[in-house]
Amino acid sequence: MSELKKDSLGFVHSIAMGIAGSAPTFSISATMVTLIGAVGILAPASLVYCGLLVLGIVFAYMHLNSHTPNAGASYTWVSAIFGKKLGFFAGWTLMVSSALFMVSATIPAGTATLMLISPALAASQIAVTACAMMWLMLVTIVIVKGIKLTGKVQVIMTSIELVILSIVSIAAIIEFGPHALHTLSWQQFSPMAFSPTSFANGAIIALFFFWGWDVSLNLTEETRDSKKSPGLGAVAAMIVIIAAFTAFAAVTLVVLSDDEINKSGVNVVFDVANKLFPGRWSYLAVLALMLSTIGNLETSMLQFTRTMFAQSRDGVLDKRWSTVHVKWQTPHWATFLIAVIGVTLLISSLISVSIADVMKASINIIGVQAAYYYGLAGFACAWNFRRVCMKSAWDVITMLILPVLSAIALWWAAVMTIMTFDWVMTGIAIGSMLLGVYPLVRKPKQVNLVSL
């Protein structure tokens with residue numbers, strides 16, 4: 001059996017999946033300190049500009065999906081427009097970044113869980129890793145059991161997370177608005193406030209915040225009204241998360257001092273909440289982090305498995321990965337594979353000096369890799385619709401101008417960031433992508449690429 005379960009998700013699920021893919025609370029916790037360390041007071045502006053750049057890619061995905069809905073998303077579209085090789089590497093890079101993300105996603109879930117049930121163990125890398133493995137196994141079971149169950153769980157977790165973030169943000173404005181610890185102004189949103197290097201560094205780090213919104217497009221074959229709902233859901237989700245990320249960047253700067261920000265590490269949301277709420281109420285932020293991280297882990301695994309499913313179905317990868325469970329209609333072997341990869345990487349992370357080192361390295365590497373395949377999709381959209389888009393100004397902007405500008409900006413930021421990597425990070429970022437040469441050059445049994 002090789003068909004996914006159709007009509008299991010709706011428009012609301014697409015929005016929830018898109019938001020969960022970017023994981024507001026997790027992304028803030030994992031990345032905000034790194035972003036502020038790179039660009040300082042310009043962090044809110046970095047998130048706005050990067051969000052606008054990514055929005056150009058969101059429009060590209062929306063238009064490409066409306067033409068050819070496919071679980072392979074960028075892999076399928078780039079293959080059809082620019083050829084098998086570029087298309088394969090678009091999909092391969094997404095799978096590589098999803099695999100690397102297994103460490104970044106599961107470690108905060110383990111940390112947050114232990115903060116709730118046994119705070120003394122939250123600083124133990126072994127205990128955190130063991131708890132992270134537990135969550136990885138539970139999420140794997142939910143995903144294998146069916147996309148309908150996954151969608152319901154995701155809507156509930158995302159709703160709770162957004163409510164908690166909103167409460168914390170409103171409380172921060174009321175409590176610290178009159179005496180903010182950092183002074184914010186509209187001048188900080190001027191492009192002239194950035195140097196080329198600071199803009200590039202900020203954009204790549206900020207890209208990690210937004211990375212994952214495109215999961216809705218990987219689930220298009222399992223969504224009702226597949227040509228419209230996933231794309232519109234992704235646009236709606238992007239608007240929500242741009243607002244959420246920018247607001248909380250400002251909240252962090254308003255509530256925490258430089259020293260507090262530096263010491264907070266991956267607990268910045270908890271530290272903000274701890275200054276606002278007495279006693280155990282601040283642990284609502286930990287709950288939000290746990291739900292966000294689990295949701296993000298879920299969507300990352302979904303992207304990996306649906307992309308692998310599509311490539312396998314086309315014969316580019318071994319046919320076993322397109323096998324769908326008879327009862328649950330999910331690509332269970334591909335799901336088990338990403339779970340095994342996650343466990344392996346988690347065990348490997350134990351040799352790291354600290355959890356923070358693992359997080360920081362993966363954030364930058366995933367940002368560079370995401371810029372690559374998002375950029376390919378942006379160029380593919382512009383090239384494919386270059387003639388038909390001339391019928392209206394809206395189509396020219398959303399099919400041609402924004403996708404091209406976004407793709408160019410993301411690739412430029414990726415190159416600038418790679419130039420700051422040491423040889424180890426460069427080797428992981430580029431080497432893991434080049435590993436795709438082997439499955440690409442081997443003779444496939446069958447290749448059935450769609451055409452646009």
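Helix H8 (residues 196-210) packs against helix H16 (residues 393-418) at an angle of about 105°, with the two axes 8 Å apart. Helices here are DSSP runs of H or I with at least four residues, numbered from the N terminus, and axes are lines fitted to C-alpha atoms over the stretch in contact, with angles running from 0 to 180 degrees between N-to-C directions. H8 is therefore roughly perpendicular to H16, a label for angles of 65 to 115 degrees, while those over 145 count as roughly antiparallel. On the H8 side, the contact (heavy atoms within 4.5 Å) is made by Pro-196, Thr-197, Phe-199, Ala-200, Asn-201, Ala-203, Ile-204 and Leu-207. H16 brings in residues including Trp-412 and Met-416. Sorted by class, this contact has 11 nonpolar, 3 polar and no charged residues. Nonpolar means Ala, Val, Leu, Ile, Met, Phe, Trp, Tyr, Cys or Pro, charged means Asp, Glu, Lys or Arg, and the others, Gly among them, are polar.

A word on the model itself: it is predicted, local features need pLDDT of at least 70, side-chain atom pairs count only at pLDDT 80 or more, and totals for chains, interfaces and linings use all residues. Residues are numbered from 1 along each chain as its sequence is written, and side-chain values use heavy atoms, leaving out hydrogens and water.

H8 also packs with helix H2 (residues 24-39), this time at about 175° and with axes 9 Å apart, so H2 is roughly antiparallel to H8. Among the residues that meet are Phe-26, Ile-28 and Leu-35 of H2 and Ile-205, Phe-208 and Phe-209 of H8. The tally for this pair is 10 nonpolar, 5 polar and no charged residues.

H2 has another partner in H13, at an angle of about 105° and with axes 7 Å apart; the two are therefore roughly perpendicular. Here Pro-24, Thr-25, Phe-26 and Ser-29 of H2 meet a set of H13 residues that includes Leu-289 and Asn-296.

The structure holds 5 salt bridges, each a side-chain nitrogen of Lys or Arg within 4 Å of a carboxyl oxygen of Asp or Glu. One of them joins Arg-313 and Glu-221 (2.8 Å, N to O).

Technical notes. Angles under 35 degrees count as roughly parallel, over 145 as roughly antiparallel, 65 to 115 as roughly perpendicular and the rest as oblique.
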